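Please read the numbered points with the model open alongside.

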Amino acid sequence: MSRFNLSIKNWKRLVFILCLIPLGLLIWRVLTDRIFGDVINVMIRDVGLWGMRFLLLSLAITPIRKLSGWRFLASFRRMIGLYGFFYICLHLLMYVVLERSSDMAEIWADIVKRPYITFGMASFVVLIPLAATSVNWMIKKMGGRNWQRLHRAVYYAMIAAVVHYYLLAKADKSQPIIYGSILAILLLYRLFGFLRNQWDSRKSAAA
Ligand code: HEM
């Protein structure tokens with residue numbers, strides 16, 4: 001990191017600001033009337049897509065770190081994951097307040113009748129405990145192993161999120177398929193890591 005002349009702390013500040021750019025751009029587009037068509041729908045879709053991107057990026061950090069040897073990347077993982085959750089909270093808030101005018105009966109009807117909303121909500125529900133346990137004292141309290149076990153659930157949340165995206169995309173399914181393929185690669189990477197660990201521990205037990 002030193003060759004970039006920035007300390008990790010300053011890199012974190014920079015990444016923190018960079019992650020706010022999509023929201024800033026969206027606000028700017030809304031305030032300057034640069035959105036054509038259904039503004040609320042565009043807003044919901046925009047923050048939903050950024051939530052998906054940040055969450056996938058946070059999952060990609062460990063494989064990229066291991067393959068590249070760039071250990072400093074680990075410092076950004078949690079922040080990017082929490083940003084993903086933040087964008088999804090905005091996504092949900094916009095849907096509840098702007099699209100459904102906080103009408104709980106309508107929202108419940110959507111959850112029950114529209115499978116893409118059911119999957120979106122399921123994904124969100126899984127993400128809540130993960131975000132809530134992402135503070136240092138919680139990680140300490142739970143212990144590293146339990147924390148890691150719980151946080152594996154992020155893959156279930158992401159599978160539900162990709163299904164949510166796939167179901168809501170009407171004619172062109174190429175985007176959800178691309179995001180789904182990225183998730184599949186990340187899942188396969190983890191699976192290979194798990195199988196290799198099993199193999200190694202069996203070998204050392206037999207030796
Ligand atoms: C919290 C529950 C959720 C609700 C109620 C919800 C609702 C919606 C709605 C109403 C749309 C627009 C559908 C349309 O235009 O017809 C949408 C799109 C989308 N949502 Fe969600 N969603 C939820 C969770 C999630 C989660 C957890 C993710 C990802 C991690 C996500 C990612 C997306 C994406 C990528 C789109 C489409 C963006 C695009 O077309 O560019 N949503 N969602």
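1. When its neighbours within four places in sequence are left aside, Tyr-95 is in contact with Ile-44 and Arg-100. Tyr-95 itself belongs to helix α4. The model under review is a predicted one.

2. Is Tyr-95 buried or exposed? Within 10 Å of Tyr-95 there are 21 other C-beta atoms. The threshold for a buried residue is 20 or more such atoms, and Tyr-95 is therefore buried.

3. Ser-101 is located in the loop between α4 and α5, the latter covering residues 104-113. Its phi is near 45°, which is a positive value in a residue other than glycine. Ser-101 has 9 C-beta neighbours inside 10 Å. A residue with 12 or fewer counts as exposed, so Ser-101 is placed in that class.

4. Although Ser-102 is not a glycine, it has a positive phi of about 55°. Ser-102 is exposed, because 10 other C-beta atoms lie within 10 Å.

5. The overall architecture may now be considered. The protein chain contains 10 helices and zero strands. Read along the sequence, its pattern is α-α-α-α-α-α-α-α-α-α. The C-alpha trace spans about 65 × 45 × 35 Å along its principal axes. The chain has 207 residues, of which 17% count as buried. Among contacts with a separation of 6 or more, 63% involve residues 24 or more positions apart.

6. How are α2 and α3 arranged relative to each other? Helix α2, residues 21-31, packs with α3 at an angle of about 170°, and their axes are 11 Å apart. Angles over 145 degrees count as roughly antiparallel, and α2 and α3 are therefore roughly antiparallel to each other. On the α2 side, the contact is made by Pro-22, Leu-26 and Val-30, while α3 contributes Val-39, Met-43, Asp-46, Val-47 and Trp-50. By class, the residues of this contact are seven nonpolar, no polar and one charged.

7. The pair α1 and α4 gives another arrangement to examine. Helix α1, residues 8-18, packs with α4 at an angle of about 30°, with the axes 10 Å apart. An angle under 35 degrees is classed as roughly parallel, so α1 is roughly parallel to α4. The crossing in which α1 passes α4 is right-handed. Ile-8, Lys-12, Val-15 and Phe-16 of α1 make the contact with Ser-75, Phe-76 and Met-79 of α4. The contact of α1 with α4 comprises five nonpolar, one polar and one charged residues.

8. Helices α3 and α9 form a further pair. Their axes come within 11 Å and cross at roughly 145°, and the crossing is left-handed. Met-52, Leu-55, Leu-56 and Leu-59 of α3 are in contact with Val-154, Met-158, Ala-161 and Tyr-165 of α9. Which classes of residue make up this contact? The contact of α3 with α9 has eight nonpolar, no polar and no charged residues.

Methods
Residues numbered from 1 in each chain as written. Predicted model: local features only at pLDDT ≥ 70, side-chain atom pairs only at ≥ 80, totals over all residues. Axes fitted to C-alpha atoms, helices over the stretch in contact; angles between N-to-C directions. Helix = DSSP H or I, 4+ residues; strand = E, 2+ residues; numbered from the N terminus. Parallel < 35°, antiparallel > 145°, perpendicular 65-115°, else oblique. Contact = placed C-beta atoms within 7 Å. Nonpolar A, V, L, I, M, F, W, Y, C, P; charged D, E, K, R; others polar. Left-handed = near helix turned anticlockwise from the far one by under 90°.
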